[in-house]
Amino acid sequence: MPKIQYNQAINQTLHQLMKKDPRVFLIGQGVTSPWYVGQTTNGLLDKFGSRRVIDTPVSENGITGVAVGAALAAMRPILIFPRMDFMYYAMDQLVNHAGSWHYMFGGQLNVPLTVWAIINRGGEQAAQHSQSLQAMLSHIPGFKVVMPSTAYDAKGLLVSAVEDDDPVIYIDDRWLYELEDDVPEELYSIPIGEGMIRRKGKNITVAASSYMVTEAIKAADSLADEGIDVEVIDLRSLKPLDKQILINSVKKTGRFIIVDAGWPSSGIGAEVSAIVGSEAFEYLNAPIMRVSLPDSPAPASSPLEAVYYPKAKTIVSKIRELVPK
Amino acid sequence: MTERTVDLSSNNLRTMYQTMLRIRLFEEKVGNLIQQNEIVCPCHLYIGQEAVATGVCNALRKDDYVFSSHRSHGHYVAKGGNLNALMAELYGKVTGCSKGRGGSMHLSFPAVGFIGSSAIVAGSISPAVGAALAFSIQKTDNVSVVFFGDGATNEGVWYESLNFAALKKLPVVFVCENNLYSTHVHISDHLADTDIQKKANIFRMRGVQVNGNDVIEVFNVAKKAVKDARRGKGPTLIECMTYRWRGHVGPNDDLETGLRSKEELSYWKEKGPIKKLEKLLLSRNFLSKSEFLQIRREVEKEVDESLMFAKKSPFPSENSLLDNVFKAK
């Protein structure tokens, strides 16, 4: 099986999906610019033309509505936001229209829209170019939300998102783009709503998604010598969430940490904690802990950035608090 | 006059008259039902603007798409949406066009190309452009139409949508129903420049202003715009000058609140679209007085039947609450 990078897996998948299904098209800012979207759209314009690879004016609200309308007219748009921060302009179309349409019209028309939102943080980009909005988007009825953490998942979940009959928010993190993985050449899908155990362990469960899975595994590896055996679960889908995989794991370990690189207040950590607290209460031997960003906009200055983003060592210190020596 | 009637057979005029009357009598009935607390969901009545929906939709094919706003009953009816399903929706019944999920502000009848109405001001404009984009990718000759009010032209997304549609020469027709009020605010208090059609020019798009109470004029202008769109000549903005007889929402006429004068309302009622067409049809001997009566009786019967249908229909079952949040499980 060929080893390719995360961003190459996305690029390959886009080529294959657009070749396979004439309903699929790509729309958004930067789709014809290599640097803007981390080389993920290379070659698409040449192969499929400007009719299906549509670089747009800076009109997030309008263009999101355009994608919604195209989905209503039997297309399968992939709408790209090169930075999630730009999505606020699009929230009306996402929440009041894409997420509500199928319900508010009694199931007559659906919106098979993939919203591809890129987290592009770090590098002193500061508050308006660094956000991770998975919690806000998971809050909204009518959306599914996925966050692939490996190149293999990047491909399989993108296929599932595009083939899904409902709006799916597909969130990736540029920090993952150079990560290599074995990725089959052919198209395959990964069911939305299924988590995965990335590392088996028996002392504590650490659940994470996207880039934080990588950090959680690093944390787990670094504690192995101390005899702390960490189980790492990759949520993969934030909505629907694989509750069972969490409950089963906590049943075994009795301890639970949720790691999410979003803000803590009413965040993914709060949601997952509530689920584990209410559905696995009798198996818990310690309080549930959260790792998240601080409740603050992202800073620019590098030394501040270094403490703003949680890393493996943040997870390690939380684990140490929970697991007795 | 010769140009005005060139595309219109007496048959076509009769159909348009019937449609306008259907909207009018349906809306009057709904107004009464709201006053009787029979209908609970907020309804934004279309009375006074019937010529706009009727003239535009009459220029469309069944498979053309229509998107609408919170004031959508007229567009739904003019595009051919089922009257029973509309009344049932206002009653919150499971037989409603949106199965009791939408109410007055969220109507849809895809079988006749009425895709949906959005209660977010300007909310359906960009989706209408998106449907037009889909048609252009699919290389079909369908046209997408969106109705919105003068208030919607204050939204940024209106400019974004017009720009993108003009940039890509998409088959979409923007129909602005300028009824002089954005909720309770007069147009002179919400637009720095009240000449809406002119704003099409900044996007190098054709803009036309028509008497929105003259169904023939609306039809002719819409027909040209639709033809242009179908032939790949891009979008048109049509500003239809009209007036809503009732308040922003509900059956009252806003006179009691002092939001407008009795003189203003009387002036516009005198210039009302149905009266105008009746005069024409009579003067040209297209319809006799007895034919008018017959049409009115037929429409009254349809409206009464829709009410009976709505009343006897069941409510959605409680266990269906979460149906249709997602299509795929």
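Biologist: Which residue of β4(B) is the bridge partner of B:Val145?

Modeller: Start with the terms: strands (E, at least two residues) and helices (H or I, at least four) are DSSP runs, numbered from the N terminus, and two strands pair if DSSP finds at least two bridges between them. Here the partner of B:Val145 in β4(B) is B:Val173. On β3(B), B:Val145 is also the bridge partner of B:Val66.

Biologist: What should I keep in mind about the numbering and the model?

Modeller: Residues count from 1 along each chain as its sequence is written, with chains lettered from A and ligands numbered from 1 in the order written. This is a predicted model, where local features need pLDDT of at least 70, side-chain atom pairs need pLDDT 80 or more, and totals for chains, interfaces and linings use all residues, while side-chain values use heavy atoms, leaving out hydrogens and water.

Biologist: How many bridges join β3(B) to its partners β1(B) and β4(B)?

Modeller: Three with β1(B), in the parallel sense, and six with β4(B), again parallel.

Biologist: Is β3(B) mostly buried or exposed?

Modeller: Buried means under 20% relative accessible area, exposed over 50%, partly exposed in between (1.4 Å probe, protein chains only). Five of the six residues of β3(B) are buried, so this strand is largely enclosed by the rest of the structure.

Biologist: How many residues does the largest nonpolar core have?

Modeller: A nonpolar core is a set of buried Ala, Val, Leu, Ile, Met, Phe, Trp, Tyr and Cys residues joined through side-chain atoms within 4.5 Å. The largest one has 94 residues, and those with the most contacts inside it include A:Leu137 and B:Phe174. Helix α6 (residues 125–138) of chain B gives the largest share, nine residues. Another core, of 67 residues, lies apart from it, with B:Met20 and B:Ile295 among its members.

Biologist: What is the phi of B:Asn37?

Modeller: Most residues other than glycine have a negative phi, and most peptide bonds are trans. B:Asn37 has a positive phi, near 60°, in the loop between α2 (10–35) and α3 (50–57) of chain B, and is exposed at 65% relative accessible area. B:Arg204 has a positive phi too, about 55°, and is exposed at 81%.

Biologist: Is the peptide bond from A:Lys239 to A:Pro240 cis or trans?

Modeller: Cis, with omega near -5°. Look for A:Pro240 in the loop between β12 (237–239) and α9 (243–253) of chain A.
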